Amino acid sequence: MRALVKAGFIVVGGLALRRFLLPSGRQGPWQRAPLMRREPRWHVLTVNPARDELTPDSPLPEPLAGLGDAVDVQIRRAPADRGIELAVRLRDGAQSPVTAGARRLAGRDPNQAIRAALREAKQLLETGEVLHPDSPPTTQTTAVNKPLQMATRQGRREGRL
Amino acid sequence: MKALLWQGVNELSVDEVPDPTMRNEQDAIIRVRKTATCGSDLHLLGGYIPFMERGDVLGHEFLGEVVEVGPQVRKHKVGDRVVVCSFVSCGRCWYCQQQQYSLCDNGNTNPAITENIWGFAPGGCYGYSHALGGFAGSHAEYIRVPYADQGAFTVPDEVSDERALFASDAAPTGWMGADLGGVKAGDVVAVWGAGGVGQMAARAAVLLGAERVIIIDRFANRLQMAEKYLGVETLNYQTQDVGGELLERSGGRGPDVCIEAVGMESHSTGPQYLYDQVKQQLRLESDRPIAAREAIYHCRKGGSVFLLGVFANLVDKFPLGALMNKGLTLRGAQQHGHRYIPMLLDRMARGELVTEHLATHTMPLDEAPQGYNMFKNKIDGCVRAVFEPAR
């Protein structure tokens with residue numbers, strides 16, 4: 001039984017690593033992801049600004065403006081009064097999956113900065129501030145906790161966005 | 001301050017932790033007066049939701065007194081007696097504006113985890129793992145409440161702490177099941193699970209005009225409680241034929257609305273319980289969906305099934321054939337409490353909605369580990385253990 005459980009962990013761990021190393025995005029967990037994209041993908045979210053703070057002609061909100069010339073940005077109205085769609089992508093070409101995976105693991109993937117900037121811009125526009133996690137934490141670091149703590153440190157920089 | 005901490009699977013302790021601090025201008029700090037156990041906490045306790053860290057504070061159903069407010073808090077002041085919705089929601093994103101508050105885009109500080117598991121991230125929830133934001137829970141002397149103007153509700157003077165406590169989670173969750181399940185006058189409604197949420201769903205169905213409401217469980221004390229306090233019919237699945245009784249009591253049609261208030265650790269009689277236990281323990285499925293299967297099977301053609309019980313991820317032997325061929329509507333949600341809590345407090349003030357009976361065991365926070373043991377193992381007829389940190 002123990003061997004079976006171990007084998008299960010190895011398979012699940014391998015799948016998780018594969019998913020992490022391959023480009024994230026539109027594919028579900030059971031679909032094959034393309035090994036190499038021709039150009040960087042757009043990261044898109046929809047914002048429901050409190051007032052007319054964001055229009056297609058507006059200057060970029062601060063967290064996105066901070067990304068400078070490294071990114072292309074598109075702002076357009078969402079259908080059916082759903083707000084404003086904000087789309088951001090890296091201006092430079094695609095990276096190989098291995099390079100991209102290594103940079104993600106090191107926390108130096110520019111796509112991580114794009115995700116964080118998009119999420120923070122949305123929060124600022126909708127609520128006026130960026131929600132912070134509780135601090136000081138009540139938790140202790142253990143060998144079992146460590147992977148989860150690493151994941152939550154990247155909470156806004158990762159995900160499907 | 002003192003808090004009840006998750007120390008590992010089925011391990012709890014009461015220990016000293018740092019006091020919460022204001023982290024945002026829309027925060028409030030609440031001194032907790034009462035905080036309740038919830039069946040969904042047992043999934044965390046048992047390790048079925050693997051996103052807990054040693055030292056996490058449990059608890060998401062609570063009531064207390066405001067002791068500090070941020071400069072952007074407009075509706076509350078120090079000294080207010082408030083009940084707080086268990087979900088952290090901003091109130092201003094598109095989902096909150098559609099009154100789908102538990103789907104808030106901004107309430108979860110760790111969206112990556114649930115985006116990867118479920119496709120998109122719901123809002124945050126107090127004391128409900130790092131998948132739902134990692135916010136410290138309410139089984140503590142104090143708690144930080146983000147977006148306090150949205151999530152904290154002043155309790156009317158005529159509603160006692162004992163009654164208002166369950167406006168935090170059990171009552172709005174139950175109400176949502178009946179409301180979004182589409183209960184209307186003349187309906188026959190069946191509710192699986194006579195815990196706090198199931199009882200509140202059954203009462204909501206009565207108040208929304210259902211003709212007959214039948215609540216199903218295996219614990220006689222819970223069924224007696226439902227008959228006495230909610231005015232509903234009962235079925236004990238260990239001693240009665242659930243399918244036959246539901247047909248008989250619905251004119252052979254089957255219930256119009258079936259509400260599942262059990263979740264991922266369902267019990268049942270028969271071999272399917274053993275089957276699901278084995279698969280869950282081997283991690284070949286994360287959840288045991290026995291009550292959900294039954295609700296789908298017994299629901300009338302064209303009826304509605306609402307899942308209120310908490311599910312984590314994957315289930316096995318899910319009856320899609322019955323769902324599709326009978327033309328059922330299946331919905332589920334974490335609670336959109338902000339939408340219902342003011343109305344529920346009004347009903348509590350008028351005496352239409354009573355909840356005090358759910359708190360079968362009230363004790364100091366120091367005794368919380370024993371309280372969870374009683375709650376988990378249904379010792380002494382425990383329906384909900386309630387902790388009072390100041391006692």
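# A tour of chains A and B

Start with chain B, whose domain assignment (bounds taken from an automatic or database assignment) gives domain 1 (2–168 + 336–388) and domain 2 (170–332). The model is predicted: local features need pLDDT of at least 70, side-chain atom pairs count only at pLDDT 80 or more, and totals for chains, interfaces and linings use all residues. Residues are numbered from 1 along each chain as its sequence is written, while chains are lettered from A and ligands numbered from 1 in the order in which they are written.

**Stop 1: between the domains of chain B**

Colour the two domains separately. Taken over C-alpha atoms, the centres of domain 1 and domain 2 of chain B are separated by 25 Å. Their contact takes 26 residues from domain 1 of chain B and 23 residues from domain 2 of chain B; two residues are in contact if their C-beta atoms, placed from the backbone, lie within 7 Å.

Select helix H1 (39–45) and helix H13 (341–350) of chain B, the elements that give two or more residues to the side of domain 1 that touches domain 2. Helices (H or I, at least four residues) and strands (E, at least two) are DSSP runs, numbered from the N terminus. H1(B) gives the most to that side, with four residues. By class, the side of domain 1 of chain B that touches domain 2 of chain B has 14 nonpolar, eight polar and four charged residues. Here Ala, Val, Leu, Ile, Met, Phe, Trp, Tyr, Cys and Pro count as nonpolar, Asp, Glu, Lys and Arg as charged, and the others, Gly among them, as polar.

**Stop 2: the largest nonpolar core**

Next select Ile30(B), Val83(B), Val189(B), Val191(B), Ala201(B) and Ile259(B), which touch the most other members of the largest nonpolar core, a set of 124 residues. Such a core consists of buried Ala, Val, Leu, Ile, Met, Phe, Trp, Tyr and Cys residues joined through C-beta atoms within 7 Å. A residue is buried if 20 or more other C-beta atoms lie within 10 Å of its own, exposed if 12 or fewer, and partly exposed in between; C-beta atoms are placed from the backbone. H7(B) supplies the largest share of this core, six residues. Both domain 1 (2–168 + 336–388) and domain 2 (170–332) of chain B give residues to the core, so it lies between them.

Centre on Ile259(B). Leaving aside neighbours within four places in sequence, its contacts include Gly177(B), Ala178(B), Phe306(B) and Leu308(B). Apart from this core lies another, of 13 residues, among them Val71(A), Ile114(A), Ala117(A) and Leu161(A).

**Stop 3**

Show helix H11 (residues 290–298) of chain B. Eight of its nine residues are buried, so H11(B) is largely enclosed by the rest of the structure. The buried residues of H11(B) pack against elements including strand E11 (188–192), helix H10 (271–281) and H12 of chain B.

Move to Gly321(B), in helix H12 (residues 320–325) of chain B. Is Gly321(B) buried or exposed? Gly321(B) is exposed, with 9 other C-beta atoms within 10 Å.

Now select helix H8 (residues 220–230) of chain B, where Arg222(B), Met225(B), Ala226(B) and Leu230(B) are the buried residues. They cover an arc of only 100 degrees around the axis, which puts them on the same side of H8(B); the arc is that of the directions from the helix axis to the C-beta atoms. Their packing partners are helix H7 (196–207), strand E12 (212–217) and strand E13 (233–236) of chain B. Gly231(B), with a positive phi near 70 degrees, follows H8(B).

**Stop 4: where chain B meets chain A**

Show both chains. In this interface, 37 residues of chain B are in contact with 32 residues of chain A. On the chain B side, strand E1 (2–8), strand E4 (56–57), helix H2 (94–97) and helix H3 (111–118) each supply at least two residues. H3(B) gives the largest share, five residues. The side of chain B that touches chain A divides into 16 nonpolar, eleven polar and ten charged residues.

**Stop 5: chain A**

Finish on chain A, which has five helices and three strands in the order α-β-α-β-β-α-α-α along the sequence. Of its 161 residues, 25% count as buried.

Colour chain A by pLDDT, the predictor's confidence in each residue, from 0 to 100. Chain A averages 79, and 75% of the residues score at least 70. Among its elements, helix H1 (residues 2–21) has the lowest mean pLDDT (47) and strand E1 (residues 43–47) the highest (96). Over residues 1–18 of chain A the pLDDT is below 50, and this stretch has one contact in the model beyond near neighbours in sequence. Where pLDDT is low, the predicted coordinates should not be read in detail.
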